Amino acid sequence: MTQERSIFPMFKTMLKIPGGLMLVPLILGSILGTFAPEALGIGSFTTALFKNSALPFIALLIFATGTQVNMRTGGPILATAGTILFCKTIIPASLIVLLGSFVGLDGILGVSILAMLAAFDNSNGGLWLAYTGQYGDNRDRGAYVASAVNDGPFFSLLFLGASGLADIPVIALVAALVPFILGVIVGNLDVQWRKTLEPVPNIVIPFFAFSLGTGINLSAIVSGGMTGIVLGFLISPITGFLVYLGYKYILRRGGKSGIGFAAGTTAGNAIATPAIVAAADPRFLVYVETATAQVAACVLISSIMAPVLASWFLKRSGELKSVEDAAVIAGDSLATDGVVKL
């Protein structure tokens, strides 16, 4: 039986681009939104799917992400996840809201507080899994739970509301968290549901990204994207270094601490955060277009920089060995010991 081949492997091509499932549809949507803004306003299923689908799809994604959080994780995994969450989310978000209390919502140099939070307080779980799958161990791979927790708008809403920078009703925080909590409950009660919802991100991300893109003017992509590139170059060194310090001094991982830089990324889902925050507090509507473009640029830049920095630090400490290489070295060592003892 011959395998059916794609005429054009669109999905595979998108996966080769860091954050491609999010970035490509977002750009296509923004092109349509700029040059033919009324094209998708014809109503019925067309408008519902391609223009008004962002929030429902994001809610489904948050629920599905919750189902992947396994509550039966061990102590070392939870310690690693907690360290990443503290260094990658809590510390940067606290510093950003502190800055906001001095400079206001406009932020600095054309980067709003909303854009900073959306770009800095989360991490790309897919990249983390890919990198730690090659160079980490079970503790690192299991710490994906940190990305599952911070990969969404909750922390941005929480810090903006708690700091007083935004008027975020408590019910809005609860509403943002309910799908995730329900997902955690369902995923831990029923493994089959967890497995069923595992591919949901690959399904819904392109659709809600396109829907978000239709509301972005390309002029915002050009202006916001340039500052976003600068912002993207800052995310990996700053937040990656914080996680590196956590690995080195809290987890005591020694030469393997360089893995921490792999967390210095912006999650693809963060592109949706500005719109969600603005839905809770309309004062942020004026920042959504530019912030979304800036965060999109951060996703791409940080996805390239983070693994490069992590590999450099691992190589510097002599720990740039894949899991397979380590197993081969261990096997050779055992064999050599056996020969000597004979």
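T80 touches R139, D140, A143, Y247 and L251, when residues up to four places away in sequence are not counted and contact is taken as heavy atoms within 4.5 Å. The structure is a predicted model, in which local features need pLDDT of at least 70 and side-chain atom pairs count only at pLDDT 80 or more, whereas totals for chains, interfaces and linings use all residues. Residues are numbered from 1 along each chain as its sequence is written, and side-chain values use heavy atoms, with hydrogens and water left out.

T80 lies in helix 5, where helices are DSSP runs of H or I with at least four residues, numbered from the N terminus. At 2% relative accessibility T80 counts as buried, a term that stands for under 20% relative accessible area, while exposed stands for over 50% and partly exposed for values in between (1.4 Å probe, protein chains only).

Helix 5 itself comprises 29 residues (75-103) and spans 41 Å from first to last C-alpha, close to the expected 42 Å, the expected span being 1.5 Å times one less than the number of residues. A kink of about 35° is centred on F86, the bend at a residue being the angle between axes fitted to the seven residues ending there and the seven starting there. After helix 5 comes G104, with a positive phi near 90°.

Most residues other than glycine have a negative phi.

A search of the whole structure finds 3 cavities of 30 Å³ or more, a cavity being a set of points on a 1 Å grid over the protein atoms alone where a 1.4 Å probe fits but cannot get out. The volume, which is the space filled by probe spheres set on the points, with grid points joined across faces, edges and corners, is about 100 Å³ for the largest cavity. Helix 4 (54-67), helix 9 (144-150) and helix 11 (170-189) each give two or more residues to the lining of the largest cavity, lining residues having an atom within 4 Å of a point.

Terms used:
1 Å grid on protein atoms, 1.4 Å probe; cavity = no way out; pocket = protein on both sides within 12 Å on 5 of 7 lines; lining within 4 Å.
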